[in-house]
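Please look over the sequence and the model first.

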Amino acid sequence: MSSQLPYGIDSWLPVLRGGEAPTLFLDAGDPRSRARLTAAWAELPPGGRIALQSVASPGSRPQLAPLENGLEQDGDVERFIVFPGTGGSFTLLPTQDGAALRGGMALLPRGRASGRALWSLLKAASPLGIAQRLGRPELAIWTKGPHDAEASDLPVLPVAGSMAVAAGVPDRNQKIIVRALDRRGAARAILKLGFSERTDDSISREANALKTVAEILEDRAPRLLTEGRRAGRTWLAQEVLEGKRAGDELTPAHAELLAELAVATRDEAPLSEQPFFQDTVRNLCRLDPEVDPDWHQEYSTLCEALEHSTDGFALPTTHAHGDFTPWNVVQRRGRVRAFDWEYFSPSAPALYDVLHFHIQTGVLVKRHSGERIFDNLDALFRGPASSVVAATSLRSEEILQLTALYVLHEGVRHELEERRNPSPFDQAAWLRHARRALCRRLAGLLTERRLPSWTELPPSTEGRAAA
């Protein structure tokens, strides 16, 4: 069943706290809410729930007390402040006390200037008082009757603790992310569950990915603590990764992780047998050329040029994180660790993560055009990415072919998704324009059998690759 209540309450509350989802959601601003609450609470059986929301103007606190008078006599409440996110996502910070709110703040987005400003404001000595006067909605979830938290809570949750809840950006893998906090506000685990039944499989994929990576790499991904299924949802619990954001540039520390992954998992297969290419060909055939003839011609040209350039030879593959970007990486004591492995692939084209980091950061963070991103490939492959190239034992022509395969796969896959379900975000158009520019440049190079400067290898590397 898809979530019907605001903030996906019916997706995560029964999993985490046990029991049923609230049967009623009331807004304090509606004059009818008090009468409806009184009647509904009287009829509610023990263990039943009702959710209340109040909104106030900036500078004042939301007022739920007038609605809640008398509920505490035979009920238990859990409170949150609501912070909006991108595209309808949200973050719920617990207001049990200042420590709980501070412990959940790591879920707030900090990529944009507004997010960083909010983070800085809430780091003040009294974050709870400040947060309650920002004009954000306050959410209260009431449970009727005696409440035995230890018996009903998911066992992985700390006893007498709180939790901060966030929803990922709405897409085919949208998930709920939870910071499980102890009584002091310290995070003891990160929990993930599908926002709906349609996204449950992404949780299973990530759990399997964490198991696979743990066998290959040491301390490069969160440790999977446990997993299970409850209240119709698949969930996992993983360790909390300590550290700070690793930055928007691909550094030697980033490259070290990717080089380790390449060394441990390098394989190769003919282009026609690679799942990424097979999926791309199928998807390109599904797309109606008449919708955008120029786009279709450009990607068809790249596909044909790539296929002809390989001459039937195998191309290297490796395991890949699948969404290796600044927002999925932390660094501690000079060592990089990656999280959010739900897009993991065991047979991705080599260099997939390097190229994904470069292009996603170039478009979404730096707002570079596709032409500029192409021009910056020289600095990328002469910099830290050169160690990943060496670890994968790539030849110059393979660097070009793998870059083309990445752009081809991502461009076609996202075009198919956009035509099925157009994204409301400008970023989707930015990425589409950038990929088209890359597509044209790469198709020209492959057609002319010309290697650009950024595929040149150091003499020692060239000798080893040839050998």
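The model is a predicted one.

## The sheet E12-E13-E16

Three strands make up an open sheet, in which the order is E12-E13-E16 and the pairing is antiparallel. At its edges are strand E12, residues 267-270, and strand E16, residues 345-349, and each of these pairs on one side only. On average, neighbouring strands of this sheet are turned by 45 degrees against each other, direction ignored.

Strand E13 covers residues 314-320 and is joined to E16 by three bridges, the two strands running antiparallel. Thr317 has its bridge partner in E16, namely Pro349.

## The sheet E11-E14-E15

Another open sheet has three strands in the order E11-E14-E15, again with antiparallel pairing. Strand E11 (244-245) and strand E15 (335-338) are the edge strands, each pairing on one side only.

Strand E14 spans residues 329-332, and its antiparallel pairing with E11 rests on two bridges. Arg245 has Val330 of E14 as its bridge partner.

## The cavity

The count of cavities of 30 Å³ or more comes to one. The largest cavity holds about 80 Å³ of space. It is lined by 14 residues, and the closest to its centre are Thr318, His319, Leu351, Tyr352 and Asp353.

Which elements give two or more residues to the lining of the largest cavity? They are helix H9 (252-265), strand E13 and helix H12 (352-365). E13 is also a strand of the sheet E12-E13-E16.

## The cysteines

How many disulfides does the structure hold? The number is zero. A disulfide is a covalent bond between the sulfur atoms of two cysteines. For Cys285, the closest cysteine sulfur is in Cys303, and because the distance is 8.2 Å, the two are too far apart for a bond. The cut-off for a disulfide is a pair of cysteine sulfur atoms within 2.5 Å. Cys439 is in no disulfide either, and its nearest cysteine sulfur, also that of Cys303, is 9.9 Å away.

Are Cys285 and Cys439 buried or exposed? Cys285 has a relative accessibility of 64% and counts as exposed. Cys439, at 0% relative accessibility, counts as buried.

Most residues other than glycine have a negative phi. Tyr7 is a residue other than glycine whose phi is positive, near 60 degrees. Its place is in the segment before helix H1, which covers residues 9-17. The relative accessible area of Tyr7 is 17%. Tyr7 is therefore buried, as the term applies under 20%.

Arg449 also has a positive phi without being glycine, with a value near 55 degrees. Where does Arg449 lie? Arg449 is in the loop between helix H17 (426-448) and helix H18 (459-466). With a relative accessible area of 53%, Arg449 is exposed, whereas Tyr7 is buried.

Methods: Residues are numbered from 1 along each chain as its sequence is written. This is a predicted model: local features need pLDDT of at least 70, side-chain atom pairs count only at pLDDT 80 or more; totals for chains, interfaces and linings use all residues. Side-chain values use heavy atoms; hydrogens and water are left out. Two strands pair if DSSP finds at least two bridges between them. Helices (H or I, at least four residues) and strands (E, at least two) are DSSP runs, numbered from the N terminus. Axes are lines fitted to C-alpha atoms, for helices over the stretch in contact, and angles run from 0 to 180 degrees between N-to-C directions. Buried means under 20% relative accessible area, exposed over 50%, partly exposed in between (1.4 Å probe, protein chains only). On a 1 Å grid over the protein atoms alone, a cavity is a set of points where a 1.4 Å probe fits but cannot get out, and a pocket is an open set with protein on both sides within 12 Å along at least five of seven lines; lining residues have an atom within 4 Å of a point. Grid points are joined across faces, edges and corners, and a volume is the space filled by probe spheres set on the points.
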